[in-house]
Amino acid sequence: MSLSDKELKEIAYLARINIDENSFPSLKGELDEILGLFEKLNSANTDGVEAMSHPLNLSQPTRKDEVTEINQREKMQESAPLVQSGLFLVPKVIEGEN
Amino acid sequence: MINKNQWEAVIGLEIHVQLSTNSKLFSGASTNFGASPNTQACNIDLAMPGVLPVLNEEVLRMAIKLGIALNAEINSPTSFARKNYFYPDSPKGYQISQMDKPIVENGHLDIELEDGSTKRIGVTRAHLEEDAGKSLHEDFEGQSGIDLNRAGTPLIEIVSEPEISSPEEAVSYLKSIHSIIRYLNISDGNMAEGSMRCDANVSVRKVGETELGTRTETKNVNSFRFVEKAIHYEINRQINEIESGNTIAQETRLYDSQKNTTRPMRSKEFANDYRYFPEPDLLPVILDEEFINSVKETMPELPNEKKIRLMEVYKLSEYDSSLLAADKDLANFFEEVTKESNSPKLSANWIMGEFLAELNKENLSIVESKVSAKQLGVLIRRIEDSTISGKIAKEVFEKMWASSKDTDDIISEQGLQQVTDLSEIEKMVEEVINKNPDQLEKYLSGKDRLFGFFVGQVMKASQGKANPKQVNDILKSKLEK
Amino acid sequence: MELHELTLKQQLDGLRESSFSSVELTQEYLKRIKSKDPSINSFITVTEELALKQANEADDRYSKGKALTLDGIPIAHKDIFCTEDVLTTCGSKMLSNFKAPYSSTVVSKLFDQGVVMLGKTNMDEFAMGSSNETSFFGEVKNPWDLNYVPGGSSGGSAACVAARLASAATATDTGGSIRQPAALCGLTGIKPTYGRVSRYGMIAFASSLDQGGVLARTAEDAALLLSDMSGHDPKDSTSLNIEVPDYPKEINNDISGLKIGLPKEFFEQEMPDYVRKSTEEAIEVYKDLGATIEEISFPNIDLSLPVYYVLAPAECSANLSRYDGVRYGFRCEEPKSLEDLYMRTRSEGFGSEVKRRILIGTYALSAGYYDAYYLKAQKCRRLIANDFTEAFKSVDMILSPTTPGTSFKTGEKKNDPIDMYLQDIFTIPANLAGLPGISFPCGSYNGLPLGLQLVGNSLEEGKLLSAAHHFQKVTNWHKESPEL
């Protein structure tokens, strides 16, 4: 199994990670090597085996519908890169773009 | 020339309903609307490093109620999944939603069509998910401000089968869902504030074809009227495209309510790979029978049940019952009114007539009404016991609306009681006859039409307060002498 | 004996008997950190002021006879645990300026028992690594030989305890990040059952695998600390609502008759002779202690690495999406657009191993590959868990080397991810099944320590600690310390 250049570019975009031209081939090589490791999975017979997404076989607990949090905006925004009037600022979001 | 009759539309709706909990789906922050930016966004809502979600039990109850109302199956276990995408109003970079095992599945809803018949629309699923925050675009040069107060508010997304055939049916379906969520008290359903939002999947095909056409998803059509208009527009656009030899692109479109058009949203072709996978911070939720039964016990009467009861108990017509039952508050108001009044029919007429007209004029909801159900009930009783005439009642109603005073106080303060004292009416009748010798002569010589003139004059003299039936009777006997 | 040479247990006894004060003990560690840590780099942040304040408060409680269970014991916290108002970096540039606005449950619980925080320890970036070379704050050196790595990802925690710069340290383990550095630094490290220790405030790498635990000098010390860290937390939905046993008491339980399984497939893996030899010697020790040894089969061991390197990156690819430069942490300079903000913040803020794993995880979850990779790996995960279930029908715990060898030189494996990943071949299965595992010193080679791993059945960390404690009563490997 190996990645095509196009696939690598697409997953990099999905993950919002830039890969610069210079490191592209070496990164692709490393990823291919890791994907090579996955080949072993094909050898396992998993017919009828239930997927295991979690080590605990328990039911999700719940909490009561109560407001327990108070406003801590100032504290929560202490490490914020850019804030104005209590809002986090980002470069303009264009409506309809995603 | 396009022959629209050759085409049929296939429509499915995805309705997002904000559940009216006190706290968020996975955090203890408040869900109140309209707070100062980011004051209701706790560390969990802000996706601080290390935080974990904890599920709000009330949300499960609300979803189960909806499932029961939609005649659907409740899945147990039901599980959560992560839907991955980057957007500044989605602080984790993923939304906790449901994929494989939504809490509600395989339901249906019977909607009423314009001709009075009903149609069954399948509900594919309803799943729980988190709402996003808001991006504010004004006031910041080249920047947007992110407010995460809404982030994490519980939503239930109700997905219909593509079994809706017209914009009118779509509105009827949407109104039925709206009515149900209000009856269940799981959401205020306020479309203007965004507590109910609708996306429409629309495709068209030639009548008789079985294959579905390519569909588009029109997002954020946020009023009943816009749903109708947007779907209308989209159907016509698709027919026109195909008729002119073009193909329909499978895409997401935005409705522009000012121009009444839809336009495609910009996106990279592969950008919508959401990479759903089971949320490892939450375990599958087991909804045991005991829990589901405890929810069943809290089920209120539903719109259709209410309608049937209104017909049976109050002997109202199906039309009246259906109108009243469509809105829980309206139906409740009606039942409150009838506790004071005796005639359900007269009460229904008053509520759907003067009462709603006045509310609409001032753009108020039923709970904001300036006249209480009790006040209106007493007013109707005063018509029934002939204290006032229907005409005077309208006057009283207007005064009541303006002053919030009670019916009887207004009637007595303003001396609006109907005159039912026979001698007083007789006196007025005699005066009118004496004042109009010419008309009397003409009447007596055979001009029967003038009878109405005399009635009018007597009513005028009584300032509308004389009982019309008594006036008639007395006039008749006097004139025939 | 100097105070830093004492074990946590001995220090606790000393504090209770007023042989010395917590302030004295804390000051000694702070002094040692100042003089020794520049060459080791095990701390990212030293919280001197807070430590002395906490030590003073502890001394005050001792004087009033109101001492808490671990009152005045100075330890270090892995910089993956959020600490209110204190820098919490997770070893990343992305959080290099992040002061957590709240504390993790682990830290709060230990604060509540009077534990003194000396500082926050260095680690592989977002806990991704086995050598502590991926930290934005520089490599951590192995105190046994500064040319060697301390292991990872809890390399800072391991190095500081090995160098006697802290009495013990908290750590986390997703695929071996407690046990492997314990082995490489000559320490006792326990990763409890998944759900035993709250994950609230522990920065997530792979949520279904991450578990907090302890790096300490002895099993006895680990038992003391783990007792106070464990327990149900309503803020973590995956936290077990089961009473925590008294580990310090349980370690003394008799182990004669203990059934230890040797999975033959583990020993078929490539490993140097000195590893086999130390392991065999350790097995002899257990025989002498009255344990019975039984060969068992663990047929799916070969699937562990691929399963782990599909599932952990898949979960991490989502867990790390929140680092976007919007609400906290690093943001790139002058972003030109929203997309530019995301792209550059994440490309500049994450190191290469983290990016590699995010990309792999994104790929494993993407349309068209989900079934072949993610779903298939989840099914294989079940096969591995079944191997354990089968094994625990006949034995109490499973013994193996912790790592395929002693520590390796800094830079040796840095550019060979697969070789690095093989470090965790013996430790990963326990994470996949959510089972407790412990590593403790069982030998050395060329002056570098070696570790022995025991994996127990669910919630049997008491048994593991007891098995390790009895081993340590008759061996001296855990008493050795590096010369600095």
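## Close-up views of a predicted three-chain model

Figure 1. Over all chains, the count comes to 60 salt bridges, a salt bridge being a side-chain nitrogen of Lys or Arg within 4 Å of a carboxyl oxygen of Asp or Glu. This is a predicted model, in which local features need pLDDT of at least 70 and side-chain atom pairs count only at pLDDT 80 or more, while totals for chains, interfaces and linings use all residues; side-chain values use heavy atoms, with hydrogens and water left out. Residues are numbered from 1 along each chain as its sequence is written, and chains are lettered from A and ligands numbered from 1 in the order in which they are written. The close-up shows B:K119 and B:E169, whose side chains meet in a salt bridge at 2.7 Å, N to O. These partners come from distant parts of the chain, 50 residues apart: B:K119 sits in strand β7 (residues 118–130) and B:E169 in helix α2 (residues 167–183) of chain B. Helices (H or I, at least four residues) and strands (E, at least two) are DSSP runs, numbered from the N terminus.

**Figure 2. Where chain A meets chain C.** Contact here means heavy atoms within 4.5 Å, and it takes in 50 residues of chain A and 60 residues of chain C. Together the two chains bury about 5,100 Å², with carbon and sulfur atoms giving 70% of that area; buried area is the accessible area (1.4 Å probe) that two parts lose on being put together, summed over both. Look for A:I17, A:L41 and A:M52, which supply 14% of the area that chain A buries against chain C, more than any other three residues. Chain A and chain C share 3 salt bridges. In the bridge between A:E30 and C:R356, the closest N and O atoms are 2.6 Å apart. On the side of chain A that touches chain C, α1 (5–14), α2 (24–42), α3 (73–76) and β3 (87–91) each supply at least two residues. Helix α2(A) gives the most, with 11 residues. By class, this side of chain A has 34 nonpolar, 8 polar and 8 charged residues; Ala, Val, Leu, Ile, Met, Phe, Trp, Tyr, Cys and Pro count as nonpolar, Asp, Glu, Lys and Arg as charged, and the others, Gly among them, as polar.

**Figure 3. Where chain B meets chain C.** This contact draws 30 residues from chain B and 39 residues from chain C. About 2,800 Å² is buried between them, 59% of it from carbon and sulfur atoms. B:P49, B:L52 and B:F86 supply 22% of the area that chain B buries against chain C, more than any other three residues. The two chains have 1 salt bridge between them, and C:R199 forms it with B:D281, their closest N and O atoms lying 3.0 Å apart. Strands β4 (81–84) and β15 (277–278) of chain B each supply at least two residues to the side that touches chain C. That side of chain B has 20 nonpolar, 4 polar and 6 charged residues.

**Figure 4. The largest cavity.** About 140 Å³ of space lies in this cavity. Among the 17 residues that line it, B:K92, B:E130, B:D131, B:A151 and B:G152 are the closest to its centre. On a 1 Å grid over the protein atoms alone, a cavity is a set of points where a 1.4 Å probe fits but cannot get out, and lining residues have an atom within 4 Å of a point. Grid points are joined across faces, edges and corners, and a volume is the space filled by probe spheres set on the points. The lining has 7 nonpolar, 4 polar and 6 charged residues.

**Figure 5. Backbone details in loops.** Most residues other than glycine have a negative phi, and most peptide bonds are trans. The bond from B:S76 to B:P77 is cis, with omega near 0 degrees, and B:P77 lies in the loop between β3 (73–74) and β4 of chain B. In chain C, a cis peptide bond joins C:G152 and C:S153, with omega about 5 degrees.

Conventions
1 Å grid on protein atoms, 1.4 Å probe; cavity = no way out; pocket = protein on both sides within 12 Å on 5 of 7 lines; lining within 4 Å.
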